[in-house]
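Please walk through this protein chain from its overall dimensions to the pairing of its strands.

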Amino acid sequence: MSTAESVGNQFGYLCPKCKQGDDLSVVVQVWAKLFPDGTDADGDHEFDGPSSAKCACGWNGKVSQLLLADDFED
Ligand SMILES: [Zn+2]
C-alpha cells in the first residue's frame with residue numbers, strides 16, 4: 001500500500017487535530033470558461049498554503065497547517 005493510500009490523499013496531508021488524512025477538504029480555485037448559457041470549469045484547480053482547509057473531525061484552518069506524513073514519497 002502506498003503512503004497516499006494509507007494517508008488517504010495524494011498529497012500526504014494529515015489533519016493536525018485527529019492525525020487522519022482521509023476526510024480532508026480544501027478550498028480550490030478553478031478556472032471556468034464563460035459561455036452564453038453559463039460556465040464550464042476546465043478541470044484545472046489549485047490550492048496552496050493560505051487556502052482554507054477543514055477535516056471531518058471539526059478542525060478548520062489553512063492548508064499550511066496540515067501535517068505532512070513523514071514517509072510520504074512522491
Ligand atoms: Zn481531523
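The model is predicted. Its protein chain holds 1 helix and 7 strands.

How does the radius of gyration of the protein chain stand against that of a compact globule of 74 residues? The chain has 15 Å, whereas such a globule would have a value near 11 Å. Along the principal axes, the C-alpha atoms fill a box of roughly 45 × 25 × 20 Å. Of the 74 residues, 14% are buried, where a buried residue has 20 or more other C-beta atoms within 10 Å of its own.

Strands of a sheet pair through backbone hydrogen bonds, in either a parallel or an antiparallel manner. Here, 3 strands make up an open sheet, ordered S2-S5-S6, with antiparallel pairing. Strand S2 (24-26) and strand S6 (60-62) are at the edges; each has a single partner strand, so one side of each has no neighbour in the sheet. From one strand to the next, the twist averages 30°.

Which residue of S5 stands opposite Ser25? S2 and strand S5 (residues 52-55) run antiparallel and are joined by 3 bridges. In this pairing, Lys54 in S5 is the residue opposite Ser25.

Conventions
Residues numbered from 1 in each chain as written. Predicted model: local features only at pLDDT ≥ 70, side-chain atom pairs only at ≥ 80, totals over all residues. Pairing = 2+ DSSP bridges. Helix = DSSP H or I, 4+ residues; strand = E, 2+ residues; numbered from the N terminus. Axes fitted to C-alpha atoms, helices over the stretch in contact; angles between N-to-C directions. Rg over C-alpha atoms; globule rule 2.2 N^0.38 Å. Buried ≥ 20, exposed ≤ 12 C-beta atoms within 10 Å, placed from the backbone.
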